[in-house]
Amino acid sequence: MEESPLHPFELHNYVPISLGGLDISINKAVIMMWVVVGLISVLMVMAGSARRLVPGKLQSLAEMMVDFIRGIILDTMGKDGMRFFPLIATLFLFILFCNLIGLIPGSYTVTSQIVVTAVFACVVYGLSLVMGFLLHGAKFLGILVPPGTPGWLLPLMVPIELISQLARPISLAVRLFANMTAGHVILGVLFGLAISGGVLIGWLPFAFTIAMNGLEVGIAFIQAYIFTVLTCVYLGDAFHLHGHDDHAH
Amino acid sequence: MPQFESHFFSSLIFWEVVSFAILLFVLYKFAFPGILSVLEEREKKIKDSLDQAERHRSEAERKLKEYEAKLNAAAKEAEGILAAAKERAQRLLEENEQRLTTEAERIKGDATREIDHERRKAIQEIRAQTTELALMVAEKVVQRSLNEADHRRLADEALDALTKSAAR
């Protein structure tokens with residue numbers, strides 16, 4: 001029986017629920033989200049309640065993670081970016097755990113759903129726009145004009161910048177979705193080959209499957225990291241419009 | 001692609017937002033404050049320890065300098081004391097020498113005087129005794145041999161001597 005490599009991404013409603021006409025049925029992806037939320041909550045709350053000066057393993061890991069995200073925020077946004085720390089750290093953890101848990105055979109990769117990544121991307125980008133207009137008012141439209149642009153270039157530069165701005169949420173969403181999907185498709189194809197190759201030749205693609213799985217773990221980290229860094233960069237852009245007003249607050 | 005089947009979108013978006021909100025709340029409320037405070041605490045502790053170590057180091061350095069200075073001063077003082085003691089000893093020595101010399105001189109003088117005195121006394125004594133002895137001898141001689149004729153002659157001689165001395 002030949003399976004489509006996209007078969008693992010199919011969803012089936014287990015428990016059909018409707019909330020005021022809105023379909024919020026429970027499916028595999030939703031259950032995986034719950035698992036992820038539960039897992040992160042338990043680990044982080046346990047690590048957070050340890051509060052030992054000389055940390056244990058779990059506390060060390062959590063602290064490393066927190067310090068890592070704090071480093072990203074401080075590098076890209078500076079000290080006042082720390083007010084977004086809970087949001088950005090949660091985002092990083094959620095995406096990372098979704099990516100990683102999806103690698104367990106039989107589970108589901110929530111972040112391989114374009115709509116999931118799109119919601120994150122839109123929320124992040126929307127937040128950066130809101131922050132920008134709140135902090136700078138109408139001057140925030142200046143983000144469409146790179147510093148030092150001569151006046152006669154404005155008709156050219158503004159549309160280009162507009163497009164690059166609009167590409168931000170799209171690229172953010174598509175990058176994560178495509179990476180997660182592609183990795184699982186490759187794994188699926190390789191494993192399909194291993195099955196159909198039989199014992200004689202099938203060990204080769206099977207070995208590749210194992211290697212690919214290791215690579216996918218790395219990609220899971222890298223994509224979560226990239227998403228977080230870009231989030232910080234976009235928010236940082238909104239904070240420091242062209243870096244002009246670094247002293248403004 | 002199954003990911004573009006839009007009839008799952010509503011439930012995915014809804015549950016994503018709900019799960020994320022719950023996770024954000026839980027972490028914000030129960031996890032991050034603890035972890036961040038521990039990190040800050042540790043940072044502070046490390047910084048404090050380093051500061052303290054630096055303070056101790058400078059303190060130790062200061063103490064070392066102080067002790068070195070004290071040691072130098074003590075060495076100088078000891079040198080001074082030694083020099084003074086040497087000088088004093090020298091002076092005492094000289095003084096003693098002088099004193100002893102004068103004493104010796106004095107003793108010598110005394111002794112000389114005493115010897116002189118004794119000698120003189122001895123001479124006098126000898127003279128006195130000699131005179132006494134002579135007188136005694138003379139008396140004995142005189143008692144034994146002085147007879148009438150001698151008496152007469154002696155008286156005559158005395159008279160002669162008297163008259164001679166009167167005549168002169």
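**Start with the whole complex.** Colour the model by pLDDT before selecting anything. The predictor assigns the complex an ipTM of 0.85 and a pTM of 0.71. Chain A has a mean pLDDT of 86, with 96% of its residues at 70 or more. For chain B the mean is 87, and 96% of its residues reach 70 or more.

**Select chain A.** Its C-alpha trace spans about 70 × 55 × 45 Å along the principal axes. Show the cartoon: there are 5 helices and 4 strands, and their order along the sequence is β-β-β-β-α-α-α-α-α. Of the 249 residues in chain A, 34% are buried. Among contacts in chain A with a separation of 6 or more, 63% join residues 24 or more positions apart.

**Select residues 18-19 of chain A, then 85-101.** The pair 18-19 is strand β2 of chain A, where confidence is lowest, at a mean of 80. Residues 85-101 form helix α3 of chain A, where confidence is highest, at 93. Next go to residues 245-249 of chain A, where the pLDDT is below 50. Beyond near neighbours in sequence, this stretch makes 3 contacts in the model. Where pLDDT is low, predicted coordinates should not be read in detail.

**Select residues 28-50 and 57-76 of chain A.** These are helices α1 and α2 of chain A, packed with their axes 9 Å apart at an angle of about 105 degrees. The two helices are therefore roughly perpendicular to each other. Which residues of α1(A) meet α2(A)? Show side chains for Leu43(A), Met44(A), Met46(A), Ala47(A), Gly48(A) and Ala50(A) in α1(A). Their partners in α2(A) are Leu58(A), Gln59(A) and Ala62(A). Sorted by class, this contact has 7 nonpolar and 2 polar residues, and no charged ones.

**Select chain B.** Chain B has 2 helices and 0 strands. Turn the view along the principal axes: the C-alpha atoms fill a box of roughly 205 × 30 × 25 Å. The radius of gyration of chain B is 65 Å, whereas a compact globule of 168 residues would have one near 15 Å. Buried residues account for 8% of the 168 in chain B.

**Finish at the contact between the chains.**

Key: Residues numbered from 1 in each chain as written. Chains lettered and ligands numbered in written order. Rg over C-alpha atoms; globule rule 2.2 N^0.38 Å. Buried ≥ 20, exposed ≤ 12 C-beta atoms within 10 Å, placed from the backbone. Axes fitted to C-alpha atoms, helices over the stretch in contact; angles between N-to-C directions. Parallel < 35°, antiparallel > 145°, perpendicular 65-115°, else oblique. Contact = placed C-beta atoms within 7 Å. Nonpolar A, V, L, I, M, F, W, Y, C, P; charged D, E, K, R; others polar. pLDDT = per-residue confidence, 0-100.
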